[in-house]
Amino acid sequence: MTTAARPTFEPARGGQGRGEKDLSAISKQYSSRDLPSHTKLKFREHGQGTSEELRSRDFRRELEEREHEKDKSSSRRGTDSRESKRSKLDQLPTTSLDADDPIDEDDDSDDNDSDDDAAALMAELSRIRKERAAENARKEAEKRQEEERIRMENILSGNPLLNYSAQATKSDIKVKRRWDDDVVFKNCARSEPEKKKDNFINDSLRSDFHRKFMEKYVK
């Protein structure tokens, strides 16, 4: 029998020859991700908001200037819109205007008109809601009355004693018989004797079988 396949101590121990490797040796292979990287910190360059640049700036003055510019632009926009409205009114011919229509209106009058329109719309909306609520309540009341009327009609028509009238005869209030009252095979089980329940007694002389046997063959 060959011993080529039998394990020995030499392959497990390893060596330094060709195709052999010492298990205690440290591997010299490594990954590129294991290399050191990002070994330097990044600093702000000139123009990226360094501490020297921020130290020399006056943020309060810049904020006030921006707010002032915004106020000026908003006021200029408002004056331009009012002037454009007035110019359009001036360009209209006087013949196309009604005698009651004012030619020049202020912003206060526009605000008052808008407030009046909003109040009128809210009043109209509340009135419509009240009308709808009243309509729904009326429909619910009519529905309940109809259901109550139908229920009372069913109660009165279901009882022949309450539905009796002067024109009705005695045959009208007579209780109707069932269709199976006079059949031949109805209630046949009443005449049959009741089956007695068998009682088990652990005594051969007092058992039911022994008594029946004695009554039949001995007496």
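Tutor: With a definition: a salt bridge is a side-chain nitrogen of Lys or Arg within 4 Å of a carboxyl oxygen of Asp or Glu. Keep in mind that the model is predicted.

Student: Why is the contact between Glu135 and Arg138 called a salt bridge?

Tutor: The closest N and O atoms of Glu135 and Arg138 are 2.2 Å apart. The cut-off is within 4 Å, so the pair counts as a salt bridge. Glu135 and Arg138 are 3 residues apart in helix H4 (residues 107-158), about one helical turn.

Student: How do you know whether Glu135 and Arg138 are buried, partly exposed or exposed?

Tutor: The relative accessible area is 31% for Glu135 and 38% for Arg138. Buried means under 20% and exposed over 50%, with partly exposed in between. Both residues therefore count as partly exposed.

Student: What makes Arg151 and Glu148 a salt bridge?

Tutor: Their side chains meet at 2.7 Å, N to O, and the limit is within 4 Å, so the term applies. Arg151 and Glu148 also lie in helix H4, 3 residues apart, about one turn of the helix. Arg151 has a relative accessible area of 43% and Glu148 one of 37%, so each is partly exposed.

Student: Why does the pair Glu64 and Arg60 count as a salt bridge?

Tutor: The N to O distance is 3.6 Å. That is within 4 Å, so Glu64 and Arg60 form a salt bridge. Both are in helix H3 (residues 59-91), 4 residues apart, about one turn of the helix.

Student: What accessibility labels do Glu64 and Arg60 get, and why?

Tutor: Glu64, at 44% relative accessibility, is partly exposed. Arg60 has 64%, and exposed means over 50%, so Arg60 is exposed.

Student: How many salt bridges are counted?

Tutor: The count comes to 12 salt bridges.

Student: Turning to the rings, why is the pair Phe209 and Phe213 called stacked?

Tutor: The ring centres of Phe209 and Phe213 are 6.5 Å apart, with 25° between the planes. Pairing needs centres within 6.5 Å and stacking needs planes under 30 degrees apart, so the pair is stacked. The two residues are 4 apart in helix H5 (residues 208-217), about one helical turn.

Student: What makes Phe213 and Tyr217 tilted?

Tutor: Their centres are 5.0 Å apart, which lets them pair, and their planes are at 45°. Stacked is under 30 degrees and edge-to-face over 60, so the pair is tilted. Phe213 and Tyr217 lie in helix H5, 4 residues apart, about one turn. The count comes to 2 aromatic pairs, and ring pairs link Phe209, Phe213 and Tyr217 into a cluster.

Student: How do you know which of these three residues are exposed?

Tutor: Phe209 has 66% relative accessibility and Tyr217 has 54%. Exposed means over 50%, so both are exposed. Phe213, at 38%, is partly exposed.

Student: Which residues make up the nonpolar patch on the surface?

Tutor: Phe209, Phe213, Met214, Tyr217 and Val218 form the patch, with about 550 Å² of accessible area together.

Notes
Residues numbered from 1 in each chain as written. Predicted model: local features only at pLDDT ≥ 70, side-chain atom pairs only at ≥ 80, totals over all residues. Heavy atoms only, no water. Phe/Tyr/Trp six-rings, centres within 6.5 Å; stacked < 30°, edge-to-face > 60°. Buried < 20%, exposed > 50% of the residue type's maximum accessible area, 1.4 Å probe, protein only. Patch = residues over 30% accessible without salt bridge, like charges linked within 9 Å, V, L, I, M, F, W, Y side chains within 5 Å. Areas by Shrake-Rupley, 256 points an atom, 1.4 Å probe, with all protein chains shown as cover.
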